Every structure is written in C-alpha cells, then in structure tokens.
Amino acid sequence: MFVANDHEQSILAADAHRENQYTCPGCGQNVILRQGHMRLTHFAHHAGTDCHLFSEGETKIHLMGKTKIFNWCRQNHLAVKLEAYLPKLKQRPDVLVYWHHHRTALEFQCSPISYERLEQRTKGYRINGYKVWWILGPTYLTSKLTLEKISKFAYFQKSLGLFVSFYNPQSDQFIVKHHITQDLFGKLKWRDYSFNPSKSAFNGFFNRIKTDTIDAQPDRYREALELQRRLLGRYTDKHLKQIQLICYAHHLNLAGCPWVIHAHDFRLPMGEHIPLEVKIKFLIKLQNTTRSHFSYQMLAAWFQESVQNNGLQFPNAINSQAYDELNFREWLQSLTSANLLKYNQNHYQLINSPFWYADITQKLRHFHS
C-alpha cells in the first residue's frame, strides 16, 4: 500500500522516512516502509498480520497504474487522494478525486472480479454520494471484449454511447472503446480512441466525439447476403437455428425476412438474444396481431417479450431502464420510417404488414438503396 497514518495524518510512502513509525489506516497496526531500486516505495504489514482492507497481494502493474493515475490527477491540480480509506463504506478506492464537482472513486481493475462483487461496491459508492469509474488494466485490454466485460464495466454517455475505459501504465496510454454496438448477428462493434492522460485530454475527448458522427447504418444488401450465406453454411450457429425454427413455425423463410430487419443497429448490445432474433420475434407478433392500433407501452412490452428479460444489466448505469429503452425507440423509428407504423394521436397505427419474401432472390430484386 502507498498510504499510511502518521499520528492520524495520512502520508504517502514516497514522503515517509524509515525512522518514523506508521500505522495501517484500515486495521491500525504498525506497518513497515519498504524502499528499493527494483520496487515502488510502499508500506507493508508485518508477517502474519491479518488485514482484509489493505492486502499486499497487488501486482506490480496495479501498483504502477494507480500511482500514475494519482500523479497525473495531482499534476493537473485536482484534489486527489491515493488509497483513501472510507470507514463508512469499509472500502478504499485506488484513487479518490474531486472531478467535475463530484467525489469520484477511480478503481484501476487488473484482476478478475465477479459481477456481484462489482455491483455491491458500485452501489456502496453511489449510496454514499460517490461516483465510481472502473478503469481496466492491461490484462483486460489484451483479452477479448465480451458481453460479460461490457455488462460489468461499461458506462453510457450521450457523446460516447456505451464505452469501456482501459489504461496501460507501461505505455501511459488511456484507451476508450466507445459507441459499442452489436451487428445483426451479435458481433460486437466499437471504435477505439487512445491518448496520454491529462485533464485537457479528457475534457477534449469527452467533448469532441458526437453521436451523429457515428454511422450506425449497416450495408443492408451485404447483410442480407451474409444472412443467406450463414443459413446455407455447413455449421449454422445455434442462434440462427433457433430463429429459423421460429420462422418455419409461421411458414416464413428467414432469408426472405423484411428489409426493415436490416435497418439501424441497436444502440446497445442486446445480451443473450442477438438483434436478429429480437427483431424477427417482434415482426412476427406484429404480423399476426388482429389489432391495428397500439399504445407505446404495448409495443414496448412486445419488445421486452422478444428480449425475454435477458438483456444486459449495467451496474454502472444510474438509470439503466432509460438506457434499455434506447434500442426499442430506435426500432420503433425504423418501423415508422419503413411505413409499417404511423404515429397518430398518441398511439401507433399499423398501416402496412411486414412483407416477407419467398427467398433471397426475390428479396434482392426489391432492394432499394
């Protein structure tokens, strides 16, 4: 650990002296100042000491990362503390900084953490008036970006969409994977932006990227051909097989699905059910209904049924329910743009049923760019 108490005053290991006595902010027991050329100067408990709050099991990259984050906060004249112990929460964030009028815990995460533990810590910070920003270390950066990782560590901001933050202290590079979406078949898509961390760099980054600069419109013609290729492939994935069975049950050909299926990508990844499945289920329900007028709430309920409550959960989203509606609103906009639905006097009216083609050949003949 890098911080200890000197007569109830916090002191950094880098400013400490061997001849003085220091105690652990968590357990109150004496600690040793360790200095050397090969390791970062730090405090350590005596052998056999039991302290659950300040463990010496941190990796070198984690120690280096949180030190660098602390230093560049301090260099940019931010009110900042390293390893500040919060007695009420019984937690100690790696770095605690006063950022944009908010007390913010910066957690530099290098080791695995369960969803339950992360959610518990995030909730604890929030209830007690702190924001928390999970920043992932190099081990996460070198591994594949997955739905699980996004669910745990992603944030949503208007200018960035869904994003995950990484920091490599060895290269001093901050990397943000932003505007994370899924294509029709469930493949994750995103844009990368990297920079050397500083207050001006962060402010510039969060202000420079605008949502309207991100093209969420897929190549519809190519996507339709890709769907046919996957259906005819030797090894059809389990998602497509399931969707194909749903279509067969309603005497429909998945390859001939309506062109509205290939409209804009959803703003947020869907989770267990890929976007193609969600859209197909919704259109079949719309096609088989005997109603012609629908409330927003009814259509939203249909959409949730298509997702089957298996969408991603975002513990770092303050209003995750509002974020969940983003995908539905974009889908609703696609349906109105395709002249299937029309908004009229506080309700939606079905003006055209979704048109399914007999096969891909017929579908491509009716393609409009």
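Q: What makes arginine 103 count as lying over the face of tyrosine 130?
A: In this predicted model, arginine 103 is placed 4.1 Å from the ring centre of tyrosine 130. The cut-off for a charge over a ring is 6 Å from the ring centre, and arginine 103 is accordingly listed as lying over the face of tyrosine 130.

Q: Which ring does arginine 230 lie over, and at what distance from the ring centre?
A: Arginine 230 lies over the face of phenylalanine 185, at 4.2 Å from the ring centre. The limit is again 6 Å.

Q: How many aromatic pairs does the rule give?
A: The count comes to 20 aromatic pairs.

Q: Why is the pair of tryptophan 259 and phenylalanine 367 called tilted?
A: The ring centres of tryptophan 259 and phenylalanine 367 are 5.0 Å apart and the planes stand at 55°. Centres within 6.5 Å make a pair, while planes under 30 degrees apart would be stacked and those over 60 edge-to-face.

Q: Where in the chain do the two partners, tryptophan 259 and phenylalanine 367, lie?
A: Tryptophan 259 belongs to the loop between helix H7 (238–249) and H8, and phenylalanine 367 to the segment after helix H11 (360–365). The pair links distant parts of the chain, 108 residues apart.

Q: How do you know whether phenylalanine 367 is buried, partly exposed or exposed?
A: Its relative accessible area is 24%. Buried means under 20% and exposed means over 50%, so phenylalanine 367 is partly exposed. Tryptophan 259, with 10%, is buried.

Q: What makes the pair of phenylalanine 282 and tryptophan 302 edge-to-face?
A: The angle between the planes is 70°, with 6.0 Å from centre to centre. An angle over 60 degrees counts as edge-to-face, and the pair is classed in that way.

Q: Why can this pair of phenylalanine 282 and tryptophan 302 be said to tie parts of the structure together?
A: Phenylalanine 282 lies in helix H8 and tryptophan 302 in helix H9 (residues 296–307), so the pair joins parts that are 20 residues apart in sequence. Phenylalanine 282 is buried at 0% relative accessible area, and tryptophan 302 is buried at 9%.

Q: Why is helix H8 described as largely enclosed by the rest of the structure?
A: Of the 14 residues of H8, 11 are buried, so the helix is largely enclosed. Among the buried residues are Pro275, Val278, Ile280, Phe282 and Leu286.

Q: How does the reach of helix H8 compare with the expected span?
A: Helix H8 (residues 275–288) reaches 20 Å from its first C-alpha to its last, close to the 20 Å expected at 1.5 Å a residue.

Q: What makes the lining of the largest cavity mainly nonpolar or mainly charged?
A: The lining has 7 nonpolar, 1 polar and no charged residues, and the description is therefore mainly nonpolar. Trp72, Cys73, Val97, Trp99, Thr104, Leu106, Trp133 and Phe202 line this cavity, which has a volume of about 60 Å³. Helix H1 (60–75), strand E7 (95–99) and strand E8 (102–109) each supply at least two of the lining residues.

Q: Are histidine 179 and histidine 251 buried or exposed?
A: Histidine 179, in strand E12 (residues 173–182), is buried at 9%. Histidine 251, in the loop between H7 and H8, is exposed at 75%.

Definitions and conventions
Residues numbered from 1 in each chain as written. Predicted model: local features only at pLDDT ≥ 70, side-chain atom pairs only at ≥ 80, totals over all residues. Heavy atoms only, no water. Helix = DSSP H or I, 4+ residues; strand = E, 2+ residues; numbered from the N terminus. Expected span 1.5 Å × (residues − 1). Buried < 20%, exposed > 50% of the residue type's maximum accessible area, 1.4 Å probe, protein only. Lys NZ or Arg CZ within 6 Å of the ring centre and 35° of its normal. 1 Å grid on protein atoms, 1.4 Å probe; cavity = no way out; pocket = protein on both sides within 12 Å on 5 of 7 lines; lining within 4 Å. Points joined across faces, edges and corners; volume = space filled by probe spheres on them.
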